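Have a look at the sequence and structure first.

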Amino acid sequence: MSSEVSIYANSIDKVFPVYEKPHHRLLQMMSSRSAKHRWYREFTALRDISFEVKKGETVGIVGRNGSGKSTLLQIICGTLTPTAGDLQVNGRIAALLELGAGFNPDFTGRENVFLNGTVLGLTRQQIEDRFDDIAAFADIGEFIEQPVKSYSSGMYVRLAFSVAIHVTPDILVVDEALAVGDEAFQRKCFARIEKIRREGATVLFVSHSAGTVLELCNRAILLDRGEMLYSGSPKRTISHYQKMLYAPAERVAAIREEIRESTAAEQLTTVMNKVGGKDTPDAPDAKAAESSSPNPSESASAYDLAWHDDHLLPQSTLRYVRSGAEIKDAHLQTISGERVNVLRPGEEYVYVYDVDFDRTAAGVQFGMLIKTVSGVELGGGVSAPAHAAIEIVEAGERRRAKFRFRCLLAPGTYFLNAGVRGRIDQEETFLDRVVDIAMFRVAPDSDRIATGMVDFDIRSSVANLGHMSA
Ligand SMILES: Nc1ncnc2c1ncn2[C@@H]1O[C@H](COP(=O)(O)OP(=O)(O)O)[C@@H](O)[C@H]1O
Ligand SMILES: [Mg+2]
């Protein structure tokens with residue numbers, strides 16, 4: 001294996017025996033090798049997985065639940081052995097696998113740091129030197145002296161991640177574990193991953209967040225039912241993954257086939273380019289996939305796409321006391337009606353919510369507001385001015401409010417409010433009002449020239465006025 005390669009996987013299969021009843025495992029153990037009856041059936045969790053990760057690459061692994069992501073990471077880390085195939089790993093691996101792996105529950109946090117650090121190849125002195133940093137990053141206070149079994153899942157992840165990043169790994173492997181922590185801690189972790197990456201380590205991580213994969217990875221792999229359905233640029237992998245994720249059940253098989261075909265087409269073009277000398281033989285896959293796009297407009301659309309990040313849920317939602325109506329299902333859509341919460345700057349979107357009226361109300365107005373993380377009110381609007389409000393909405397009716405707007409905001413995170421006003425028994429009041437009912441992110445845009453919070457569509461020109469005369 002070339003020293004430039006961190007992870008080399010060739011045709012890996014993983015087959016698990018599955019026992020219908022717990023005692024079948026015992027029966028199997030007791031039956032002779034030549035016995036005809038098997039007490040288990042075989043389940044193939046991974047089939048024919050081949051890929052190579054170069055030193056310093058950051059690779060994302062995506063796929064629906066049960067597609068084999070964790071199994072693959074465990075094989076790479078050596079906690080599972082493949083049933084068939086070849087795996088070679090070059091360098092020290094630190095892993096943050098799903099909960100349950102790694103720590104001894106009866107030992108304290110401190111003891112586990114030493115245990116874990118030793119397993120990862122550090123000397124006692126090295127761990128001692130780093131212990132304060134590890135504890136500070138984990139930020140779990142006095143719990144560091146408590147047995148790990150008393151930890152919440154969040155504390156567990158904090159400590160495990162902190163150890164993983166402080167052993168200066170050559171390869172950092174992170175399963176979905178990070179999703180457990182709170183948003184602030186996740187940010188801190190991703191900043192660290194970024195740093196580790198810049199220092200030249202190889203990073204492999206599983207994520208459900210399209211945004212994270214697009215922002216951090218050089219390349220991504222899409223697993224589906226144990227098959228490596230696609231490997232290529234993060235943009236294309238995510239776009240394939242999302243197609244699978246949001247497809248109605250009866251479309252999934254067809255989409256799977258389309259993705260397989262697009263892989264085959266890309267491989268063919270790559271080979272043709274190589275034969276034609278357009279590509280260097282050792283160009284990274286991502287680049288090859290990119291430059292060999294069979295349909296250039298397709299990759300452009302995948303890049304320009306807004307998407308939905310399931311992790312983007314506000315934790316600060318506040319509902320005022322309702323009086324007569326209830327706001328439901330507040331979300332953002334593209335103009336064509338797809339639900340999104342990571343927006344592309346400059347595009348138009350629609351903010352939508354439904355309102356169920358349980359009392360008859362007069363002079364009804366629907367409102368919205370966009371705010372920053374720190375609560376600055378950036379802008380909003382109402383469905384109509386007071387004199388043009390809806391005259392009467394009867395009890396039992398449902399109304400849908402839509403607000404179309406152009407996303408003129410700087411990349412970052414924003415929150416949405418929703419409110420309905422009206423008169424009940426002559427009295428003007430909020431019928432329902434929810435603060436931080438939804439949140440969204442504006443994706444970074446490398447072509448952005450605007451500064452500050454709002455893009456005023458400033459067009460600039462700079463003229464050369466020649467030399468100043470004395
Ligand atoms: N030890 C095991 N025995 C039997 N089946 C397993 C075992 N571990 C995982 N599987 C199965 O393998 C498939 C892939 O699991 P996993 O790698 O955890 O998926 P993911 O991480 O993508 O959600 C699942 O169908 C899961 O039920
Ligand atoms: Mg998993």
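Predicted model: local features only at pLDDT ≥ 70, side-chain atom pairs only at ≥ 80, totals over all residues.

Q: Which residues is L159 in contact with, leaving aside its neighbours within four places in sequence?

A: F103, G109, V113, I134, A138, I140, I144 and Y151. Contact here means heavy atoms within 4.5 Å. Residues are numbered from 1 along each chain as its sequence is written, and side-chain values use heavy atoms, with hydrogens and water left out.

Q: What makes S162 count as buried or exposed?

A: Buried means under 20% relative accessible area, exposed over 50%, and partly exposed in between (1.4 Å probe, protein chains only). S162 has 0%, so it's buried. It lies in helix 5 (residues 153-166); helices are DSSP runs of H or I with at least four residues, strands are runs of E with at least two, and both are numbered from the N terminus. Leaving aside neighbours within four places in sequence, S162 is in contact with D133, I134, F137 and A138.

Q: What is the largest nonpolar core made of, and which residues have the most contacts inside it?

A: A nonpolar core is a set of buried Ala, Val, Leu, Ile, Met, Phe, Trp, Tyr and Cys residues joined through side-chain atoms within 4.5 Å. The largest one has 57 residues, and L159, L172 and I193 have the most contacts inside it. Helix 5 gives the largest share, 8 residues. This core also draws at least three residues from each of domain 1 (5-259) and domain 2 (306-442), with bounds from an automatic or database domain assignment. A second, separate core of 35 residues includes L332, A361, A401 and Y414.

Q: How do you know that strand 1 and strand 2 pair?

A: Two strands pair if DSSP finds at least two bridges between them. Strand 1 (residues 5-18) and strand 2 have 10, in the antiparallel sense. One of the bridges joins P17 to E42 in strand 2.

Q: Why are strand 2 and strand 4 said to stand at the edges?

A: The open sheet has 3 strands in the order 2-1-4, with antiparallel pairing. Strand 2 (41-54) and strand 4 (84-89) each have a single partner strand, so one side of each is left without a neighbour in the sheet.

Q: What makes helix 2 "mostly covered"?

A: 7 of its 9 residues are buried, namely K69, S70, T71, L72, L73, I75 and I76. Helix 2 (residues 69-77) lies across strand 1, strand 2 and strand 4, at about 65° to strand 2. That angle is between N-to-C directions, on a 0 to 180 degrees range, using axes fitted to C-alpha atoms (for helices, over the stretch in contact). Just after helix 2, G78 takes a positive phi of about 85°.

Q: How do you know that strand 11 and strand 12 pair, given 2 bridges?

A: The rule asks for at least two bridges, so 2 is enough. One of the bridges links Q333 with R339 in strand 12. In their hairpin, with 4 residues between the strands, G337 takes a positive phi near 95°.

Q: How many disulfides does the rule give?

A: It comes to 0, where a disulfide is a pair of cysteine sulfur atoms within 2.5 Å. As for the cysteines, C217 is buried at 9% relative accessible area, and C407 is buried at 1%.

Key. Chains lettered and ligands numbered in written order.
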